[in-house]
Amino acid sequence: MPRIVRPTAYGSPDVLAVTEVPTPRAAADGVVVEVRAAGVNPVDWKLYSGTFHAVAEDLKDAAGIAASMPSVGLECAGVVTEVGRDVTGVRVGDEVIVYPVTAAYADRVTAPATSVLPKPAGLGWAEAGSLMLTGTTAVHALHAAGVGAGDTVLVHGGSGGVGLMGVQLAAAAGATVIATAAERNHALLRELGAVPVVYGAGLADRVRAVAPRGVDAAVDFAGTDEALDVSLELVADRTRIASIAGSPRRAAAGIAVLGYGPGQDAGTEVRTAARGQLVEQAGSGALRVVVATTFPLDEAAKAHEVGLAGHAPGKLVLIP
Ligand SMILES: NC(=O)c1ccc[n+]([C@@H]2O[C@H](COP(=O)([O-])OP(=O)(O)OC[C@H]3O[C@@H](n4cnc5c(N)ncnc54)[C@H](OP(=O)(O)O)[C@@H]3O)[C@@H](O)[C@H]2O)c1
């Protein structure tokens, strides 16, 4: 029987459990995909950690298990095993990238056919399964900050999943990219076309030293107070600062706050439209998906512990 990883309660990664489920069937406008790789993203643990939801005690039974738990896994890649009767353009046996999708930490997923894109032959499974969430987010942030040729852009969190995408996409667009990261990730960032700087006290001065003509735009993929403060200090036009982290200070600062919380810009059109471009760039090798570590499905909790530590150099990926 197919297996799926689900949180059994709100809490830390040890609430994740593998259970067996019946083989899913395709809806008329959907497909079933045998998952070969599922990308791990911070939103996955935020869904059950309580970050997004205050968990009322009366939702839990005596064993501490909540009545209705969210599923985890918002992106994957795999092979189509069933196609709904109304679906055209997708066939059993196609190798595909699936995004957006839910419950992707599994052997099999169902998805609407609109979420399915052909996987380029030269792109590995782990890379294909972890390209989309970070890629579309980075495209949205660079779009919101208006980053283009001739700009100097500061990328906070340049060595994270979203950051590594943002760095490459901004450089490909013709911008000069300054990216913050821990020193051990600087060689990788240089390889990808950025000027790396260490985050922490004195960041604004370090950025000024490598950008004597100033910084035109900033994208915040780190979500720290420092990222906000340094962006506000160095970028004259606040409409050219975009953050993917919500906070009261960001909401009050007059910058673009991107995401799914109240008052944030979800950027659905930009993100949906970006998928084709990302597949093409990753397939041609112009865009590199940096995979830090792969884990078997039953080690999802371990993957989340590594992710929660906050310093994985690239994507964490589950391989069923
Ligand atoms: N709003 C949205 O639509 C949206 C979409 C995707 C992600 N997100 C959020 O964006 C954040 C980043 O996601 P991700 O997938 O890129 O996470 P990630 O892969 O875990 O990357 C986190 C990065 O943050 C860096 N970092 C850690 N401490 C830092 C500090 N004090 N200052 C600056 N950078 C620091 C780390 O760099 P070093 O390893 O070099 O220390 C690491 O590479 C998460 O909070 C996620 O939930 C939001």
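Start by selecting leucine 154 and isoleucine 178: leucine 154 stands opposite isoleucine 178, which is in strand 9. What you are looking at is a predicted model.

**The sheet around strand 9**

Now widen the selection to strand 8 and strand 9, which pair in the parallel sense over 4 bridges. Strand 9 is mostly covered, with 4 of its 5 residues buried.

Step to the other partner of this pairing series, strand 10.

In what order do its 6 strands lie? The order is 10-9-8-11-12-13, in an open sheet with parallel pairing. Strand 10 (194-197) and strand 13 (256-257) stand at the edges; each has a single partner strand, so one side of each is left without a neighbour in the sheet.

**Threonine 152**

Go back to strand 8 and pick threonine 152, which has its place there. Is threonine 152 buried or exposed? Its relative accessibility is 12%, so it counts as buried. Show what surrounds threonine 152: leaving aside neighbours within four places in sequence, it is in contact with Thr176, Ile178, Ala211, Gly214, Val215, Asp216 and Ala217.

**Helix 7**

Select helix 7 (residues 225-234) and colour its buried residues, which are Ala227, Leu228, Val230, Ser231 and Leu234. Which elements cover them? The cover includes strand 8, helix 6 (203-210), strand 11 (217-220), strand 12 (241-243) and helix 8 (248-252).

**Helix 3 and helix 9**

Move on to helix 3 (residues 132-144) and helix 9 (residues 268-284). Their axes are 9 Å apart, and the two helices pack at an angle of about 115 degrees. The crossing of helix 3 and helix 9 is right-handed.

Show the side chains where they meet. From helix 3, select Met132, Gly135, Thr136, Thr137, Val139, His140 and His143; these meet Val270, Arg271, Ala274, Arg275, Gln277, Leu278 and Val279 in helix 9. Sorted by kind, the residues of this contact are 6 nonpolar, 6 polar and 2 charged.

**The loop between strand 5 and strand 6**

Select proline 100, found in the loop between strand 5 (95-98) and strand 6 (108-112). The peptide bond that leads from tyrosine 99 to proline 100 is cis, with omega near 0 degrees.

Alanine 103 lies in this loop between strand 5 and strand 6 as well. Check its backbone: alanine 103 has a positive phi of about 60 degrees although it is not a glycine. With 17% relative accessibility, alanine 103 counts as buried, because buried means under 20%.

**The whole chain**

Finally, zoom out and colour by domain. The protein is divided into domain 1 (3-131 + 289-319) and domain 2 (135-257). The C-alpha centres of domain 1 and domain 2 lie 29 Å apart. Where the two domains are in contact, 9 residues come from domain 1 and 10 residues from domain 2.

Notes
Residues are numbered from 1 along each chain as its sequence is written. This is a predicted model: local features need pLDDT of at least 70, side-chain atom pairs count only at pLDDT 80 or more; totals for chains, interfaces and linings use all residues. Side-chain values use heavy atoms; hydrogens and water are left out. Two strands pair if DSSP finds at least two bridges between them. Axes are lines fitted to C-alpha atoms, for helices over the stretch in contact, and angles run from 0 to 180 degrees between N-to-C directions. A crossing is left-handed if the near helix is turned anticlockwise from the far one by less than a right angle, and right-handed if clockwise. Contact means heavy atoms within 4.5 Å. Ala, Val, Leu, Ile, Met, Phe, Trp, Tyr, Cys and Pro count as nonpolar, Asp, Glu, Lys and Arg as charged, and the others, Gly among them, as polar. Buried means under 20% relative accessible area, exposed over 50%, partly exposed in between (1.4 Å probe, protein chains only). Domain bounds come from an automatic or database domain assignment.
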